[in-house]
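Open the structure in your viewer and switch to a cartoon view.

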Amino acid sequence: MIGFFRRKKPQDGPDAAQTRPSTEELAAAFPRAPGETLPADTNPASDRAAEAPVPASAVASLEAAPVASPVAPALPAEDRESADAVPAAAAGKSGWRDRLRRTSAALGLAGLFTRNPRLDDDLLDEIETALLTADVGVPATTAIIENLRKRMKEREFADAQALLKALRTDLIALIAPVAKPLVIDASRKPFVVLTVGVNGVGKTTTIGKLARRFKQDGHSLMLAAGDTFRAAAVAQLQTWGERNGVPVVAQGQDADAASVAFDALQSARSRGFDVLIADTAGRLHTQTGLMNELGKIRRVLGKIDDTAPHEVLMVIDGTTGQNALSQLRQFHAAVGVTGLVVTKLDGTAKGGVVFALAREFGIPIRYAGIGERVEDLRVFDAEAFVDALLPEALGGG
């Protein structure tokens with residue numbers, strides 16, 4: 001029991017034992033405020049396990065009002081900071097540089113140029129090593145280095161500063177074609193966004209941030225809690241819905257994900273929403289059964305709207321490295337990925353996987369996660385991304 005109700009030493013007299021308040025009195029005196037998060041030492045999973053799942057018939061009630069829980073479930077630390085943090089002061093390219101400082105350090109390119117190096121093959125070898133260890137991949141790295149080597153032999157570079165500018169140009173040219181923001185097609189109502197990805201990439205958090213962004217852009221939207229496999233995923237998405245004032249269609253844990261998506265699309269269409277974002281269970285790309293389930297969700301959505309989903313957005317962890325290529329390859333074969341979100345680029349991710357993905361697949365990169373705040377889910381900017389990874393000039397990091 002918390003310190004407020006620590007039992008005092010017994011007092012003299014027969015009435016001393018009656019001074020301790022009852023449980024009912026305590027509950028009445030200190031009710032939990034609506035939306036209050038659970039204490040840090042509370043196990044949310046055990047509380048949710050005691051709750052009865054929402055029956056399928058209850059989905060119809062969502063036509064009248066958004067889903068709301070009497071007590072907001074505890075969010076993971078990343079979600080709490082994202083939802084409650086003050087707006088980021090930094091914006092534009094300077095904001096990218098500030099957020100990707102650790103990524104830039106992990107990439108290691110800045111260190112090569114801060115020494116004012118000699119313009120020779122040794123410098124190119126160091127750049128090549130840095131790109132390879134940063135998960136840029138062999139094909140992309142080879143193409144970049146060979147181009148720089150050829151131009152250096154032709155004496156196009158007066159000094160290392162000129163080489164740095166050429167490297168910047170080549171890196172931007174590699175990812176600029178895939179820097180395409182997501183555009184909501186107003187003729188598709190609702191515009192259905194199906195989110196996919198492996199476990200732990202921040203998919204549900206990304207949906208919450210997207211919901212805030214779309215709402216701020218003036219779109220009405222609904223969320224579908226299709227991650228019915230992971231404990232607390234439904235409650236987590238409901239909490240994001242409550243924070244953003246967005247209705248959430250859910251049927252509880254272990255419900256059929258395709259059924260949730262089907263009900264949500266029917267509801268969003270009947271209520272005239274602009275956008276529907278459907279969550280799915282995180283799964284390993286090697287799990288054939290779960291990958292086949294994604295195909296089922298896509299087919300079920302197509303029964304209502306043969307053009308749905310209109311965007312299949314795959315969330316990729318920026319720290320994954322070259323394994324991200326295998327993930328995207330399998331998900332793309334299963335559901336036809338049309339856009340990417342690369343998250344966690346503000347940590348020690350080296351960032352090179354962005355270049356590898358762009359070169360091999362050419363799938364648009366819609367957003368980049370460069371921080372924990374809601375505002376740090378940014379529309380992907382090729383120039384800002386590359387400039388954040390490279391030193392601004394020789395002698396500066």
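The tour goes from the whole chain to the sheet, then to a cavity and a group of aromatic rings.

**Stop 1: the whole chain**

The model is predicted. Colour it by secondary structure: the protein has 16 helices and eight strands. Of its 397 residues, 48% count as buried. Now consider contacts between residues with a separation of 6 or more: residues 24 or more positions apart account for 79% of them.

**Stop 2: the sheet**

Strands of a sheet pair through backbone hydrogen bonds, either parallel or antiparallel.

**Stop 3**

Select residues 191–196, strand β1. Are its residues mostly covered or uncovered? Mostly covered: six of the six are buried. Show the side chains and look along the strand. Phe191, Val193 and Thr195 point one way, while Val192, Leu194 and Val196 point the other way. The residues on both faces are buried.

In β5, Val193 is partnered by Glu311.

Continue from β5 (residues 311–317) to β6 (residues 339–343): these strands run parallel and are joined by five bridges. Zoom in on Leu313, which stands opposite Gly339 in β6.

**Stop 3: the cavity**

Rolling a probe the size of a water molecule over the atoms shows where empty space is left. In this structure there is one cavity of 30 Å³ or more, and the largest cavity has a volume of about 40 Å³.

To find the place, select Leu194, Ala224, Gly226, Ala257, Val260, Ala261, Ala278, Asp279, Thr280 and Ile297, which line the largest cavity. Leu194 is one of the β1 residues from the previous stop. Which helix gives the most to this lining? Helix α12 (residues 257–270) does, with three residues. By type, the lining residues divide into seven nonpolar, two polar and one charged.

**Stop 4: the aromatic cluster**

Select Trp96, Phe355, Phe380 and Phe385, which form one aromatic cluster. The count of aromatic pairs comes to three. Two of the pairs are worth a close look.

Start with Phe355 and Phe385: their ring centres are 5.8 Å apart and their planes stand at 40°, so this pair is tilted. The pair links distant parts of the chain, with Phe355 in helix α15 (residues 353–361) and Phe385 in helix α16 (residues 382–389), 30 residues apart.

Then turn to Phe380 and Phe385. Their ring centres lie 5.6 Å apart with the planes at 50°, so this pair is tilted too.

Phe355 has 2% relative accessibility, so it counts as buried. Phe385, at 0%, is buried, and so is Phe380, at 4%.

Technical notes. Residues are numbered from 1 along each chain as its sequence is written. This is a predicted model: local features need pLDDT of at least 70, side-chain atom pairs count only at pLDDT 80 or more; totals for chains, interfaces and linings use all residues. Side-chain values use heavy atoms; hydrogens and water are left out. On a 1 Å grid over the protein atoms alone, a cavity is a set of points where a 1.4 Å probe fits but cannot get out, and a pocket is an open set with protein on both sides within 12 Å along at least five of seven lines; lining residues have an atom within 4 Å of a point. Grid points are joined across faces, edges and corners, and a volume is the space filled by probe spheres set on the points. Helices (H or I, at least four residues) and strands (E, at least two) are DSSP runs, numbered from the N terminus. Ala, Val, Leu, Ile, Met, Phe, Trp, Tyr, Cys and Pro count as nonpolar, Asp, Glu, Lys and Arg as charged, and the others, Gly among them, as polar. Rings of Phe, Tyr and Trp (its six-membered ring) pair if their centres lie within 6.5 Å; planes under 30 degrees apart count as stacked, over 60 as edge-to-face and the rest as tilted. Buried means under 20% relative accessible area, exposed over 50%, partly exposed in between (1.4 Å probe, protein chains only). Two strands pair if DSSP finds at least two bridges between them. Contact means heavy atoms within 4.5 Å.
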